Amino acid sequence: MKIAIYWYRNDLRLIDNPAFSLAAKSCDFLLPVYVHDKKLDATNQWNFLRVGEHRRAFLNESLQDLRLQLINLGSNLLELAGDTRVVLEKFRREHGIEQIFCEKIEAPEELDVIQDLIDLGFDVKSIWQSSMLDPQALPFNCNELPNVFTQFRQQIEKQRLRFTAPIESTGPIPPIPNLQNSNDLKFNFVSKNFGKLFEGGEDAANEHMRQYFDRRLVDSYKETRNRLMGIDNSSKFSPWLAHGCISAKSIAMRLCDYEKQYCANDGTYWLWFELLWRDYFRFLHIKYGNRLYQSKGLSQEVANLFDEKSFLQWTTGTTGVRLVDAGMRELLKTGFLSNRMRQIVASFWIYEMNGNWQAGAAWFESQLIDYDVYSNQGNWLYIAGKGTDPRGGRAFNLTKQANEHDPDGVYQNMWLND
Ligand code: FAD
């Protein structure tokens with residue numbers, strides 16, 4: 001009798017989840033588990049919570065949705081809390097389950113947990129599944145990934161690669177095992193709703209995708225993606241992608257179908273182009289690993305020193321610079337920020353306030369509803385000039401940005417008068 005745990009990480013979905021499908025095919029009993037790791041409830045070295053309230057709410061909704069789906073299919077979702085290694089080890093001792101299936105996350109902290117579980121004696125099968133293109137589909141080994149995004153993209157386009165097809169369906173899900181003391185196990189965490197911009201969960205993700213393409217918003221993506229406000233302007237797929245409520249492959253396939261139906265245009269190309277950036281930062285992690293997490297990144301220079309007072313001004317939106325303050329207040333209030341505003345506030349922190357880029361990245365980790373370890377680290381490295389970009393860092397000219405993107409001050413007034 002084969003019994004296994006499916007450990008959900010950033011892949012809170014049933015559709016196109018190869019790791020979960022493999023688990024379902026490989027055992028007689030399967031226990032889907034999510035662990036609320038205690039280190040994410042703690043404060044970081046800069047003294048703030050690693051997961052803020054917006055992301056927490058979105059996560060809880062996504063888990064709620066996943067649980068309901070699993071229950072409808074005769075399974076369930078067990079939520080555990082504590083140190084992942086400790087709670088899973090306790091579980092192994094008490095219930096004798098040794099096999100764990102999960103998605104592979106190529107970031108240092110996430111890889112360490114897997115290694116620790118293996119060292120504890122678990123048989124762990126972790127499967128890569130978060131990119132639009134599978135690493136094996138690339139025309140080069142990830143260790144030879146071009147350091148310049150344009151070169152990477154050109155090689156992908158030369159091979160006419162668009163995306164790796166999502167898997168067809170998960171098939172039947174094995175029942176959960178009958179565990180001793182199962183009454184002690186919590187199958188239900190209470191979700192808190194903080195009044196949000198986005199609704200978590202696979203159902204909401206698919207509905208969002210349906211509406212986005214049905215309303216043909218993608219046609220104007222190229223012209224509108226850089227706007228500072230407006231729910232319809234960029235795709236807003238990121239919160240669901242970050243929690244894995246939908247896969248990048250599913251979005252790319254829908255995009256391809258859309259092109260077949262209506263014809264490709266600048267909007268459809270640019271949406272694919274941005275999803276390719278997302279992949280690029282993933283593959284960069286496979287290539288460089290821990291080096292991306294050092295203070296100097298891939299450069300020769302370490303980060304600026306951390307200054308608590310200026311950090312407080314930046315995070316609370318009280319620097320006195322209107323555009324930056326508006327952005328930081330929006331982030332605090334909603335957990336979301338347009339790509340352009342992310343670039344502006346990050347650049348301001350690093351180059352005008354001489355801020356420490358790692359503290360900035362940690363603040364985004366805490367606040368962003370769509371925090372994604374690869375995209376966040378990759379973008380901060382890029383702006384700080386500590387990644388692979390040969391042009392060095394990205395210092396934005398604030399006056400130029402305000403004139404171009406908020407000439408009448410509508411965005412600034414909205415958040416500063418709030
Ligand atoms: P769209 O413009 O509609 O793009 C479609 C999708 O492409 C996005 O959902 C996202 O998955 C991907 N994408 C777009 N731009 C980028 C990019 N520059 N890098 C990687 N992927 C991209 N994105 C995150 O998902 N999580 C993060 O933690 C994150 N941190 C960032 C930190 C900084 C300093 C900066 C400058 C950017 C960061 N981004 C991050 C990238 C980008 O800002 C967001 O993906 C985007 O704003 C999300 O809105 P959207 O879904 O409407 O994007």
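1. Let's start with the aromatics: searching the whole structure turns up 38 aromatic pairs. A pair here means rings of Phe, Tyr or Trp (its six-membered ring) with centres within 6.5 Å, where planes under 30 degrees apart are called stacked, over 60 edge-to-face and the rest tilted. Before going further, note that this is a predicted model, with local features needing pLDDT of at least 70 and side-chain atom pairs counting only at pLDDT 80 or more, while totals for chains, interfaces and linings use all residues. Residues are numbered from 1 along each chain as its sequence is written, and side-chain values use heavy atoms, with hydrogens and water left out.

2. One ring pair to look at is Phe311 with Trp363: the centres are 6.2 Å apart and the planes sit at 85 degrees, so this one is edge-to-face. Phe311 belongs to helix H11 (residues 308-316) and Trp363 to helix H14 (residues 357-367), so the pair ties together parts 52 residues apart in sequence. Helices here are DSSP runs of H or I with at least four residues, strands are E runs of at least two, and both are numbered from the N terminus. Phe311 and Trp363 are both buried, where buried means under 20% relative accessible area, exposed means over 50% and partly exposed is in between (1.4 Å probe, protein chains only).

3. There is also a ring cluster. Ring pairs link Phe140, Phe149, Phe152, Tyr269, Trp270, Trp272, Phe273, Trp277, Tyr280, Phe281, Phe283 and Tyr382. For a sense of where Phe281 sits, take Phe364, which is 83 residues away from Phe281 in sequence and 16 Å away in space, C-alpha to C-alpha. Phe364 is in helix H14 and, at 2% relative accessibility, counts as buried.

4. Now the ligand. Of the 26 residues around the ligand, Tyr221, Ser234, Ser235, Lys236 and Asn339 come nearest; being near takes a heavy atom within 4 Å. By type, the shell splits into 12 nonpolar, eight polar and six charged residues. For that count, Ala, Val, Leu, Ile, Met, Phe, Trp, Tyr, Cys and Pro are nonpolar, Asp, Glu, Lys and Arg are charged, and the others, Gly among them, are polar.

5. Which parts of the fold build that shell? Helix H8 (238-243), helix H10 (266-288), helix H13 (339-352) and helix H15 (373-384) each give at least two residues to the shell. At the domain level, domain 2 (130-166 + 202-293) and domain 3 (296-416) each contribute at least three residues, with bounds that come from an automatic or database domain assignment.

6. A polar side-chain atom of Asn379 is 3.0 Å from a ligand nitrogen, a side-chain N or O atom of Asn376 is 3.1 Å from a ligand nitrogen, and for Glu274 the distance from a side-chain N or O atom to a ligand nitrogen is 3.2 Å. The protein covers 97% of the 810 Å² of accessible area that the ligand has on its own, going by the Shrake-Rupley method with a 1.4 Å probe (for residues, only the protein chains shown count as cover).

7. Two backbone spots deserve a look. Most residues other than glycine have a negative phi. Arg160 is not a glycine, yet its phi is positive, about 55 degrees. Arg160 lies in the loop between helix H5 (149-158) and helix H6 (202-214) and is exposed, with a relative accessible area of 74%. Asn354 also has a positive phi, near 50 degrees, and sits in the loop between H13 and H14.

8. Gln129, in the loop between strand S5 (123-127) and H5, is buried at a relative accessible area of 2%. Arg340 is in helix H13 and is buried too, at 15%; in space Arg340 is 5.8 Å from Asn226, C-alpha to C-alpha, across 114 residues of sequence. Asp65, in helix H2 (residues 53-72), counts as buried at 14% relative accessibility.

Definitions and conventions: Polar contact = N/O pair within 3.5 Å; in protein donor to acceptor, adjacent residues only side chain to side chain.
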